[in-house]
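Keep the viewer open as you read.

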Protein chains: 2
Amino acid sequence: MRVYNFSAGPSTLPLNVLEKAREEFLDFAGTGMSVTEISHRDKAFEGVVKEAEALTRELLGVPDDYAVIFVQGGASTQFAAVPLNLMHGGKADYIVTGNFAKKAWQEGQIYGEANKIGDSSDKTYTYIPDVDKLQYTEGADYVHITSNNTIFGTRYIKFPECPAPLVADMSSEIFSREVDVSKFGVIYAGAQKNLAPAGVTIVIAKRELIQTPLKICPTMLKWKVQDENGSLYNTPPAFAIYMAGLVLKDLKARGGVKAVNEINEYKAGLLYDFIDNSALYKNNVERKYRSIMNVPFVTGDAELDAKFIAEAKKSGLVSLKGHRLVGGMRASIYNAMPVEGVKSLIEFMKKFEKENA
Amino acid sequence: MRVYNFSAGPSTLPLNVLEKAREEFLDFAGTGMSVTEISHRDKAFEGVVKEAEALTRELLGVPDDYAVIFVQGGASTQFAAVPLNLMHGGKADYIVTGNFAKKAWQEGQIYGEANKIGDSSDKTYTYIPDVDKLQYTEGADYVHITSNNTIFGTRYIKFPECPAPLVADMSSEIFSREVDVSKFGVIYAGAQKNLAPAGVTIVIAKRELIQTPLKICPTMLKWKVQDENGSLYNTPPAFAIYMAGLVLKDLKARGGVKAVNEINEYKAGLLYDFIDNSALYKNNVERKYRSIMNVPFVTGDAELDAKFIAEAKKSGLVSLKGHRLVGGMRASIYNAMPVEGVKSLIEFMKKFEKENA
């Protein structure tokens with residue numbers, strides 16, 4: 001029986017995409033080969049990469065002077081790639097709004113002066129610092145943010161307007177809401193939340209910014225090299241890109257990012273409303289910064305939380321355990337989580353609250 | 001209809017592995033989720049990584065003081081990771097026996113003095129330099145080789161006995177023949193030839209060598225970090241590791257590396273014997289260095305080569321085009337290529353030779 005999977009990533013994928021992949025798993029596009037076996041230089045496969053890129057450009061409205069590349073290593077590898085491609089002046093600004101934002105900042109320190117100009121750790125990352133009050137470093141090469149914080153369940157509602165190029169890790173929200181790509185220098189995202197299985201990372205970068213990576217940058221981490229080779233500098237993570245293409249086709253069929261954003265707001269609204277009106281559950285995030293992708297909540301009693309997670313699993317609602325840094329529960333409700341999944345969760349929460357009043 | 005796929009990588013996978021993956025694609029291990037959706041922190045998935053590691057240790061006889069890790073980015077990323085983890089003294093030796101060996105050497109030059117102590121480009125990489133006559137650099141941090149050269153169809157028949165740790169890119173032959181891992185400091189391999197779909201890279205490294213990566217090494221490229229986190233420092237390429245596990249289980253069921261090596265020798269022998277006895281086809285590699293994984297051959301007439309490739313494809317023998325640096329044809333006959341595939345190719349070659357005499 002298919003469960004509702006609330007994992008923060010890898011995470012649930014659209015059922016029709018999984019079924020399509022299974023259907024053609026042994027014979028991709030009539031080639032007599034699995035998509036996991038076909039040469040990345042085969043015409044049939046090159047089309048897969050080109051289509052995933054074209055759909056990304058179309059669905060996010062990526063300007064023509066931006067590269068769209070598919071690479072490996074997850075956002076964590078991009079934490080190094082960002083300074084290695086951009087830190088020419090030796091300094092950059094970071095806004096630390098969670099665990100991954102902090103890791104990106106720490107990685108930046110390997111390569112230069114990485115200034116923390118914003119930090120919400122004083123309230124356990126339950127808010128986003130006011131972007132209108134930030135003091136940017138003169139001559140910084142870029143300003144780095146994490147637009148949605150998977151562990152803590154926050155998101156930016158307004159992006160910084162900074163003198164340096166804005167670099168955003170959008171791993172846990174890319175394709176979930178409309179953004180004006182032209183306001184960013186670089187957007188990157190691990191795919192395993194809204195886009196594909198784990199194993200591929202998307203980078204969208206303004207080309208004029210990426211022409212001179214640092215000398216010590218590994219060739220494979222040079223965005224310019226990946227761009228010039230159409231993401232085929234070496235063997236790409238073929239299956240994950242193929243799956244991304246299927247997910248993006250599905251997203252387009254659902255009406256694109258705007259339509260899905262509305263559904264995401266609706267799903268998150270249902271869940272937050274229920275939590276806010278319940279006596280048992282609590283979400284600690286400052287309301288205006290609440291993520292519509294990751295919804296952490298607690299009962300305030302660790303034993304009861306554990307019981308909740310165990311009983312939910314028995315009801316087919318899985319991976320609801322919160323991150324160890326936060327505890328409690330977390331429901332990740334990405335693009336592929338059906339409205340019915342959220343409603344089922346709420347029904348279960350009601351029942352559990354009643355039984356444990 | 002399933003074809004025989006002679007691609008150099010990504011390449012053919014065992015049919016039973018593909019069927020198993022398809023069978024459980026929507027419901028992995030009774031979890032109600034696809035293996036492409038499950039959290040990498042889920043107990044069911046952690047077992048997948050541990051099993052792939054355990055099978056690697058067992059099948060290759062990896063000593064306990066070696067790390068076995070699964071990372072991303074292909075061998076090309078390891079070209080940088082090698083110096084970034086090992087080049088403490090600022091110099092290393094490289095033996096350049098082909099295109100990828102050359103790329104590894106060039107990447108090494110980014111980080112220090114990368115000395116080319118062997119080179120077979122004088123005869124278009126059709127041989128391996130005599131390892132008993134190499135002059136190693138005093139105080140080199142390592143000696144780097146490419147044990148099997150995918151494009152040119154050569155392999156080492158004897159490994160260098162050098163004062164510095166030996167580092168080998170075994171991408172196109174890992175698990176195809178027995179090697180004494182204890183003679184190597186580091187072995188690495190992109191998986192997309194003998195192990196799995198593209199998207200995962202295996203690194204086997206003596207732990208005492210990898211404790212102090214260079215300061216500028218990206219965290220994700222630090223083998224020590226990956227080892228300490230059991231390949232789960234960040235979200236791993238889950239599906240590719242899962243597939244690697246299935247391939248290794250299949251390899252074990254086939255009798256392990258020794259048994260498969262015998263079949264590989266047999267398959268390669270059939271093909272080389274046929275080529276050597278034909279009037280039309282020619283393999284230019286010095287016999288003792290011939291690869292048993294990649295068999296390049298030419299007719300000596302580029303137009304006839306093109307005709308061969310096109311007609312072979314119509315007969316269900318695909319991806320036989322040689323690399324652009326060599327031209328002609330190349331049959332990659334990895335572990336998963338059945339004996340019948342090689343026999344079918346030979347039958348076709350006979351027929352084609354007769355028709356084009």
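Helices (H or I, at least four residues) and strands (E, at least two) are DSSP runs here, numbered from the N terminus. The model is predicted, so local features need pLDDT of at least 70 and side-chain atom pairs count only at pLDDT 80 or more, while totals for chains, interfaces and linings use all residues. Residues are numbered from 1 along each chain as its sequence is written, chains are lettered from A and ligands numbered from 1 in the order in which they are written, and side-chain values use heavy atoms, with hydrogens and water left out.

Which residues of H8(B) are buried? They are B:Leu304, B:Asp305, B:Phe308, B:Ile309 and B:Ala312. These five cover an arc of only 140 degrees around the axis, which puts them on the same side of H8(B). The arc is that of the directions from the helix axis to the C-beta atoms. As for the terms, buried means under 20% relative accessible area, exposed means over 50%, and partly exposed lies in between (1.4 Å probe, protein chains only). An α-helix has 3.6 residues a turn, so residues three or four places apart point the same way.

Turn to the other side of H8(B) and you find B:Glu303, B:Lys313 and B:Lys314 exposed. The buried residues, for their part, pack against strands S11 (294-297), S12 (317-318) and S13 (329-332) and against helix H9 (339-355), each in chain B. Contact here means heavy atoms within 4.5 Å. At the start of H8(B), a side-chain oxygen of B:Asp301 comes to within 2.9 Å of the backbone nitrogen of B:Glu303. After the helix comes B:Gly316, with a positive phi near 80 degrees.

Next, some backbone details in the loops. In chain A, the peptide bond from A:Gly9 to A:Pro10 is cis, with omega near -10 degrees. A:Pro10 sits in the loop between strand S1 (4-5) and helix H1 (15-23) of chain A. In chain B, a cis peptide bond joins B:Gly9 and B:Pro10, with omega about -5 degrees, and B:Pro10 is found in the loop between strand S1 (4-5) and helix H1 (15-23) of that chain.

Is A:Phe175 buried or exposed? At 1% relative accessibility, A:Phe175 counts as buried. A:Ser319 is not a glycine either, and its phi is positive at about 60 degrees. A:Ser319 lies in the loop between strand S12 (317-318) and strand S13 (329-332) of chain A and is partly exposed, with a relative accessible area of 23%.

How do the two chains relate? Two copies of a chain are related by a rotation about an axis and a shift along it. Here a rotation of 180 degrees with 0.0 Å of shift along its axis superposes chain B on chain A, with an RMSD of 0.0 Å. The two copies are thus related as by a two-fold rotation axis. The same surface serves both copies, as 100% of the contact residues of chain B recur in chain A. The superposition is by least squares on the C-alpha atoms of residues with pLDDT of at least 70 in both copies.

Finally, the charged pairs. A:Arg2 lies in the segment before S1 of chain A and B:Glu37 in the loop between H1 and helix H2 (43-60) of chain B, so the pair joins two chains. A:Arg2 is partly exposed at 30% relative accessibility, whereas B:Glu37 is buried at 0%.

Another salt bridge links A:Glu262 and A:Lys258 (3.9 Å, N to O). Both lie in helix H7 (residues 256-277) of chain A, four residues apart, about one turn of the helix, and both A:Glu262 and A:Lys258 are exposed.

Key:
Polar contact = N/O pair within 3.5 Å; in protein donor to acceptor, adjacent residues only side chain to side chain. Salt bridge = Lys/Arg side-chain N within 4 Å of Asp/Glu carboxyl O.
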